[in-house]
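Here are some comments for a colleague who is reading this structure for the first time. Please keep the sequence and the model open while going through the points.

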Amino acid sequence: MDGYYTISEKDKMVIYGGGALGKERYRYLCNHYQVLAFFDKNAASISIEDIDIPMYTPQDGVKKLGTDIIVVVCIHNAYVHQEVAQYLYSLGVNKTIFLPMKDEYLSEPRMRMLKIYTYFCEHDLDKVREIPCYSSLLRPPYLDCIIRSNSEYIVGWCPIELLYTDKNWPGGNADIPAASFRILAEGYEFFQGKTGKADSFIQVYMPEDGHSESVGDFLQRRFNTYLMLEKEWKENQEYFKYAPIEVKWNERAYFNVLDGHNRICFLIDKGCRWIPVRMQREDYKLWLNEPGCKTVCEKSCKRDRHYAYHLPHPLFRYEKITQDDICVDILCKTFKYLSLKAKTINCILEISEYEGYFADNFLRMGVKQAIVLETNEEIIDKINDIQQLIQVRHLQIVRNLGQMEGKVELAFLLKDMHEEDLEHILDADCMQSCKVLIHKAYGADKENQKMLRKHGYGEPHFLLRVVEENEVREVAVYSRMLN
């Protein structure tokens, strides 16, 4: 089988672990295999008087023996095994016999490796064959977002940035990000006691429900639904995996919600960043975008490439039901602040550490111009790869504001910058039409606020506070009226 191997007399074997367990296993295995050396990260401090083969650190050992070796991990602590195997794999060793304890491995080869290791421990070497390579154990990243599947559908984790309302919603609420869907959010805030009215919620949902009832009965019925979701959230979050949101892929590289707006707004309110959804297999393939996957994976492997946020794609699925990157929080709070006004913006500028994240999301919404200011060539290369993977088109990258032709209406200034740099940006011709500015600054820094007021921006509307590099940053919205 591809990705599996069997030990022969010609194979070079190494014992990982120079302690008592490693030496005991060596005395047995050397009678059956060609054991050439020990590996141990503390090789220099381990006595080798009672063995007749050398002891190396893994790095030195691989340089000496090469990567075409079989390493048997002999350490008592089973939870260290996978760290060792992963490290050896990073050095180029693909044949490691160890205890794979985590769920991040594929089920069948993981169970096969557990059996192989047991055979070694019990000296049942006749059964030691068809051993999975380490690469065969690894779960392909894009499978991580799949919860379950059948021949027609896939249920998996979808990032909230890709969830948009149904195309048929009235009153300007069609085809907007779920995070900016204020109607349902108003209802939840009312049920939580955060607001004293729910007029828009009643106006939209009461006639839609089609019940002949009073406003009080309608609110009570909806409140009971909210309480049911609260109960499941507290007692059994698995419920949401078995009541997924129905979605349909849109050619603008996001999903329209066909059913489940209530659950989405509830989960977003709880701080969720990836939500269980059900889609057709064809839609999953469109989202997966295998050609883009191949390009990004190849570059990531060659350059040890990392991105500034978890990309909204199956390759980069983050933990379920949890808060994710700070950029997602900023985006959600910005959408909530702008509400339906977000769809009326024509040109945005992003100056941030997030590699085009905000520009991408406004391009999905249909903004005419989305520009990123960036001078670092490596980051520009990353941004271009991201566009290829997530299928968002027409992002513009400029190296200075003088290259811009559009008039910015919304700007994200989320990089730490000196006062003179901020003033240079605010004085740029393209920024004279900017009505809304999302700014991140040191919590105690008032100089930037003075600079913003000087350019006509009013008092900040606080969005969130974060701690980065032991410093407090505040993210706020600044707006101004223009003649």
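1. Which kind of contact do the side chains of Glu 213 and Arg 221 make? They meet in a salt bridge, with N and O atoms 2.5 Å apart. Arg 221 has a relative accessibility of 26%, so this residue counts as partly exposed.

2. Before reading further, please bear in mind that this is a predicted model. The mean pLDDT of the protein is 86, and 92% of its residues reach 70 or more. Over residues 319–323, however, the pLDDT is below 50, although this stretch has 15 contacts in the model beyond near neighbours in sequence. Where pLDDT is low, the predicted coordinates should not be read in detail.

3. The salt bridge of the opening point belongs to a count that comes to 19. Another of them joins Lys 231 to Glu 235, where the closest N and O atoms are 3.1 Å apart. These two residues lie in helix H8, which covers residues 215–235, and because they are 4 residues apart there, about one helical turn separates them. Lys 231 is partly exposed at 47% relative accessibility, whereas Glu 235, with a relative accessible area of 58%, is exposed. A further salt bridge links Arg 465 and Glu 474, whose closest N and O atoms are 2.8 Å apart, and Glu 474 is partly exposed at 23% relative accessibility.

4. The next point concerns a sheet, which is open and formed by 5 strands in the order E4-E3-E2-E5-E6, with parallel pairing. Strand E4 (55–56) and strand E6 (96–97) stand at the edges, and because each has a single partner strand, one side of each is left without a neighbour in the sheet. Strand E3, residues 34–39, pairs with E4 in the parallel sense over 2 bridges, and Phe 39 has Tyr 56 in E4 as its bridge partner.

5. Helices also belong in this picture of the sheet. Helix H1 (residues 20–29) packs on the sheet, where it touches strand E2 (12–16) and E3, and its direction makes about 170 degrees with that of E3. Helix H3 (residues 78–90) lies across E2, E3, strand E5 (70–73) and E6, and runs at about 160 degrees to E5.

6. Finally, is Lys 440 buried or exposed? Lys 440, found in strand E18 (residues 436–442), has a relative accessible area of 2%, and because this is under the 20% cut-off, the residue counts as buried. Its side chain reaches the backbone oxygen of Leu 414 at 3.5 Å.

Terms used. Residues are numbered from 1 along each chain as its sequence is written. This is a predicted model: local features need pLDDT of at least 70, side-chain atom pairs count only at pLDDT 80 or more; totals for chains, interfaces and linings use all residues. Side-chain values use heavy atoms; hydrogens and water are left out. Buried means under 20% relative accessible area, exposed over 50%, partly exposed in between (1.4 Å probe, protein chains only). A polar contact is a pair of N or O atoms within 3.5 Å; within protein, one must be able to donate a hydrogen and the other to accept it, and residues adjacent in sequence count only if both atoms are side-chain atoms. pLDDT is the predictor's confidence in each residue, from 0 to 100. Contact means heavy atoms within 4.5 Å. Two strands pair if DSSP finds at least two bridges between them. Axes are lines fitted to C-alpha atoms, for helices over the stretch in contact, and angles run from 0 to 180 degrees between N-to-C directions. A salt bridge is a side-chain nitrogen of Lys or Arg within 4 Å of a carboxyl oxygen of Asp or Glu.
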